[in-house]
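I opened this notebook to record what I looked up in one chain, beginning with the whole and ending with single residues. The entries are meant for someone who has not seen it before.

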Amino acid sequence: MALAELDHQRLTEALTLAESVIGLTDPNPRVGCVIGHADGRVLGRGATQQPGGPHAEVMALRDAAAQGHAVQGATAWVTLEPCAHHGRTPPCSDALVAAGLARVVVGAHDPFPQVDGAGVARLRAAGIAVDMAEGPVAEACRDINIGFFSRVQRGRPWVRLKVAASLDGVTALADGRSQWITGAAARRDGHAFRRRATAVLSGIGTVLHDDPRLDVRLVPTPRQPLRIVLDPRWRTPPTARLFEADGPLLVVGAQPPGPAGEALAARGAELRVLPGPEGRVDLAALLPLLAQRGVNELHVEAGAALNGAWLAAGLVDELLVYAAPSLLGAGLPLAQLAPPADLAALPAGRRWRWHEATPVGDDLRLRLRRG
């Protein structure tokens, strides 16, 4: 059955609620819920809280109760299929059944094995009408949790590679200077994407040249992401600004740590050894390990060499490019890649499709996904 205009409106409101808890719920999905009637009255709203906290449906039911609203016979619009299993919290599908709702509109199925259709089935078995969204609103409900879907279905995080570049594709001058190619609005926006990631990754070249913190500073955040440095030979200085920031730090090398690695561990860094070809870190092996520790979205901010390695390995799912209205001439490229032999037959992973183009201040945010 096609959804009514009110259904699309309420799901859009629920999506806004889900967006409001970005950075809070990981590794759990971001979910929003609105409870109301077909006449337009809204009874309660809610969004999933921190792991172990109440989910969106329970928050919406509590909101309705706090306002003195009875929800029997009402409709719940929820961005993700209500859970059907006992985890840290009881099943949300049971809570909706107990509350006496008549209808539930679901934005997207939950791929988590203990749910994956079981939530919808439990609601229908209790006599509740369940309608599934389709089209753009359904796609938006999946997209808000694209990293969760990736981790559950593919066993690896969604990898987003971020760069700031001039119109001619230069990310830094030949001597490495890059502050600032883009404006303040684009830098804030980039930090918002750091906030939505479970982990932010860079390489030793960036650490040695820029001495970054890799944390979220320019936008409010309820928690700092895991920060990861790929450092094959353990060259990260123990005095790096990485150690001044809050949140966990993981340094991944390609050989036994030795005294240099032990000095980083003494500063509080977690160490991991993942040897790959040519003395580099094994990128492909890193992704399932990050998934096992609950990383949904991996945000990569690195230099041309490491960017090229991620792209050449075919491990990047999304490009996040901030394009500045400037021409810089000779300089460092977005990524170091071998030139193709034939433009008509680009290697795998070299073709992308446009996903979004949005002005951000004086710059342009471009998002591209694998073709």
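Predicted model: local features only at pLDDT ≥ 70, side-chain atom pairs only at ≥ 80, totals over all residues.

**Surface and overall build**

I began with the surface, and found that the chain exposes about 16,400 Å², of which carbon and sulfur atoms supply 54%; accessible areas here come from the Shrake-Rupley method with a 1.4 Å probe, and for residues only the protein chains shown count as cover. Residues are numbered from 1 along each chain as its sequence is written, and side-chain values use heavy atoms, with hydrogens and water left out.

Next I looked up the secondary structure, and the chain has 11 helices and 16 strands, where helices (H or I, at least four residues) and strands (E, at least two) are DSSP runs numbered from the N terminus. The C-alpha trace spans about 65 × 45 × 35 Å along its principal axes. I then checked the radius of gyration, taken over C-alpha atoms, against the globule rule of 2.2 Å times the number of residues to the power 0.38: for 371 residues a compact globule would have a value near 21 Å, and the 23 Å of the chain agrees with that.

Of the 371 residues, 51% are buried, a word I use for under 20% relative accessible area, with exposed for over 50% and partly exposed in between (1.4 Å probe, protein chains only). Contact means heavy atoms within 4.5 Å, and among contacts between residues at least 6 apart in sequence, 69% join residues at least 24 apart.

**Asp 317**

I turned to Asp 317, which lies in the loop between helix 11 (304-312) and strand 13 (318-323). Is Asp 317 buried or exposed? Asp 317 counts as buried because its relative accessibility is 6%. Its side chain makes a polar contact of 2.9 Å with the side chain of Arg 154 and another, of 2.6 Å, with that of Arg 156; a polar contact is a pair of N or O atoms within 3.5 Å, where within protein one must be able to donate a hydrogen and the other to accept it, and residues adjacent in sequence count only if both atoms are side-chain atoms. Leaving aside residues up to four places away in sequence, I listed what Asp 317 touches, including Pro 157, Trp 158, Val 159, Trp 352 and Leu 368.

**Helix 5**

In helix 5 (residues 135-143) I found Val 137, Ala 138, Cys 141 and Asp 143 to be the buried residues. Their cover includes helix 1 (5-19), helix 6 (146-154) and helix 7 (184-196), together with strand 15 (352-360) and strand 16 (363-370).

**Backbone exceptions**

Most residues other than glycine have a negative phi, and most peptide bonds are trans.

The peptide bond from Asp 26 to Pro 27 is cis, with omega near 5 degrees, and Pro 27 sits in the loop between helix 1 and strand 1 (32-36). Asp 116 has a positive phi of about 35 degrees, lies in the loop between strand 4 (103-106) and helix 4 (118-125), and is exposed at 52% relative accessible area. Glu 278 has a positive phi near 55 degrees, is placed in the loop between strand 11 (270-273) and helix 10 (283-292), and counts as exposed at 71% relative accessibility.
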